[in-house]
Amino acid sequence: MDDKYYLEFEKPIIEIDKKIQQMKDLALSGDTELESEIRNLEKKRNRLQSDVYSRLSRWQRVQLARHPMRPYSFDLVPLVFDDFMELHGDRYFADDKAMVGGFATLDGHPVVFVGQQKGRDVKQRQYRNFGMSHPEGYRKALRLFKLAEKFNRPIIIFVDTPGAYPGIGAEERGQAEAIARNILEMSVIEVPIIVTIIGEGASGGALGIGIGDVVMMLENSWYSVISPEGCSAILWKQVDDPKQAEANRIQAAEALKPIPDDLMRLGIIDEIVPEPAGGAHRDYAAAAAILKNILLEKLNILSQKDKQTLLADRLRKYRTLGVVKEL
Amino acid sequence: MVEWFKRSQKSIAGDEKRNIPDGVWTKCPSCAEILTVMSLEKHVWVCAKCDYHFRIPATSYIRLIIDEGSFDEFDINLVSGDPLNFKDSKKYPERIAAARKKTGRNDAVITGLGSIDGLHVSFSVMDFNFIGGSMGSVVGEKIARAIERSLDRGIPLVIVSCSGGARMMEGILSLMQMAKTSALLALLNKKRIPYISVLTNPTTAGVMASYASLGDIIIAEPKALLGFAGPRVIAQTIGGELPPGFQSSEFFMEHGFLDAIVSRPELKESIARLLRYMLPTESDRQFPL
């Protein structure tokens with residue numbers, strides 16, 4: 001990994017990692033005394049890592065969710081599913097590259113997968129429109145949900161978006177309608193739906209594919225009504241001093257309570273999916289293995305419900321969300 | 001300040017102050033025509049020259065659309081909690097308290113039962129003066145209960161929307177109100193109960209991306225701002241100017257997302273006519289499908 005891919009709080013850990021690697025290279029040449037030193041360094045590294053990660057601020061977790069090496073949908077799909085066949089297009093307008101999906105097999109079980117996809121390099125980022133879907137993306141997702149319902153396949157969804165795209169074409173083609181329609185339809189789709197926020201869950205853009213019987217978040221992901229930057233821009237307008245702007249974003253992240261622990265406490269999500277030490281970007285395979293196990297466990301539970309119970313439970317779950325008082 | 005410069009009475013707060021001045025005449029912000037308040041009152045605050053619709057209070061829509069004396073308000077005492085312990089320049093409970101003081105209402109929607117030209121309906125109207133008509137848990141819950149009143153009684157649902165979207169200060173819980181209301185509308189669909197969504201200036205973001213977009217029939221007042229993202233955000237994203245008329249009712253209609261644009265004085269009659277086309281009739285009984 002290049003230095004530019006380290007977040008500020010990762011640096012001391014990475015430094016030790018580098019030292020360990022250097023020593024390991026030397027040890028290969030037969031120097032046995034190095035081994036105990038390596039073990040000591042590894043202990044030190046693990047202590048430091050768990051110390052740093054146990055004290056991450058909400059804003060730092062948001063940064064981990066956006067880590068340049070963060071696994072995206074198509075990084076996890078080959079590791080989670082036995083196979084996958086991509087399906088394209090909304091049948092009305094276009095094939096949205098920020099929204100992907102198709103048939104997949106999860107440990108032998110046929111399922112339908114839908115997820116948001118970001119790009120890694122400049123070209124890919126543009127191709128995937130930074131993971132920001134147009135209405136045709138939401139309509140493509142809905143087409144796949146209906147396909148799943150028709151052939152009685154459970155739906156597995158990975159949410160990872162900085163928001164639904166705010167553009168002229170998106171408005172012309174009814175971004176609001178597309179999201180609203182998905183939310184309504186997903187409430188009554190007659191197959192199990194498992195949603196996992198794998199990175200960013202920004203507002204309506206996330207909710208547009210975010211209704212499910214089980215909603216989970218990866219340990220270093222965020223999900224909120226608005227991004228910390230958006231919130232900060234509304235509350236404090238434009239700030240020129242970069243230090244102040246950063247402080248505002250930190251405060252906004254704290255105020256919005258967007259991390260998995262917060263959403264668990266508020267009763268919005270059902271499960272936090274642990275990530276390997278240091279974050280999912282340090283070990284894609286390990287992250288996918290943990291996720292796969294939990295998906296299978298949830299799918300097993302949901303598959304035992306009859307359709308009526310499944311739908312009644314889903315409705316009850318969303319009907320009860322909110323905090324109100326009677327005077 | 002010299003004493004006699006001060007207003008002796010409390011001024012009308014916020015947008016009402018800007019949009020509905022309390023003089024004997026006012027200037028139309030759209031065409032600059034000078035209009036007397038008396039004539040505006042008669043025309044339910046629509047400019048006679050250019051059809052500009054001044055913003056009117058939520059309660060005015062009840063008088064405009066619901067048969068006189070038939071409205072029975074529900075869930076008046078529902079108030080917001082502060083689940084996030086949200087604080088920016090002000091604490092959220094202080095913001096709520098200020099909005100309650102300003103509007104005399106507990107949150108941003110009025111819901112109840114009433115009749116429109118004799119037809120019983122579950123009616124809701126949003127109040128922009130209460131934190132921009134934003135949808136938090138109370139708005140979501142009151143709309144949910146309004147839908148349930150439709151479901152329970154088998155009567156049509158009419159919602160007049162006016163909102164900047166989800167309420168940021170309730171974070172993810174506001175977002176979930178989109179899910180709560182839309183899920184119940186799915187049940188209304190299944191029971192084939194009519195829902196008319198009326199959009200007024202502005203209806204955007206979280207409200208537009210949930211119940212406001214899900215009517216069997218969607219109508220809007222002329223020249224309202226309607227859309228998903230706010231125009232400022234879009235201009236920033238595309239790094240350019242927005243085309244004229246972008247995100248107006250007329251734009252929305254042109255792109256296929258509205259059934260009709262209806263001027264305020266015709267709202268009641270249009271809604272009643274639409275409902276009669278959808279509700280069961282005598283001929284349904286004579287010639288059941």
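**Exercise 1.** Work out what area is buried between chain A and chain B, and what share of that area carbon and sulfur atoms give.

*Solution.* The area buried between chain A and chain B is about 4700 Å², and carbon and sulfur atoms give 73% of it; buried area here is the accessible area (1.4 Å probe) that two parts lose on being put together, summed over both. Within the area that chain A buries against chain B, E171(A), R319(A) and L327(A) supply 15%, more than any other three residues. This is a predicted model, in which local features need pLDDT of at least 70 and side-chain atom pairs count only at pLDDT 80 or more, while totals for chains, interfaces and linings use all residues. Residues are numbered from 1 along each chain as its sequence is written, chains are lettered from A in the order in which they are written, and side-chain values use heavy atoms, with hydrogens and water left out.

**Exercise 2.** Find how many salt bridges there are between chain A and chain B.

*Solution.* The count is 2 salt bridges, each being a side-chain nitrogen of Lys or Arg within 4 Å of a carboxyl oxygen of Asp or Glu. One of them joins the side chains of R319(A) and E141(B), at 3.0 Å from N to O.

**Exercise 3.** Determine which strand of chain B pairs with strand 9 of chain A, and in which sense.

*Solution.* Strand 9 of chain A pairs with strand 4 (residues 78-80) of chain B in the antiparallel sense, over 3 bridges; strands are DSSP runs (E, at least two residues), numbered from the N terminus, and two of them pair if DSSP finds at least two bridges between them. Within this pairing, K325(A) stands opposite V79(B).

Methods. Helix = DSSP H or I, 4+ residues; strand = E, 2+ residues; numbered from the N terminus.
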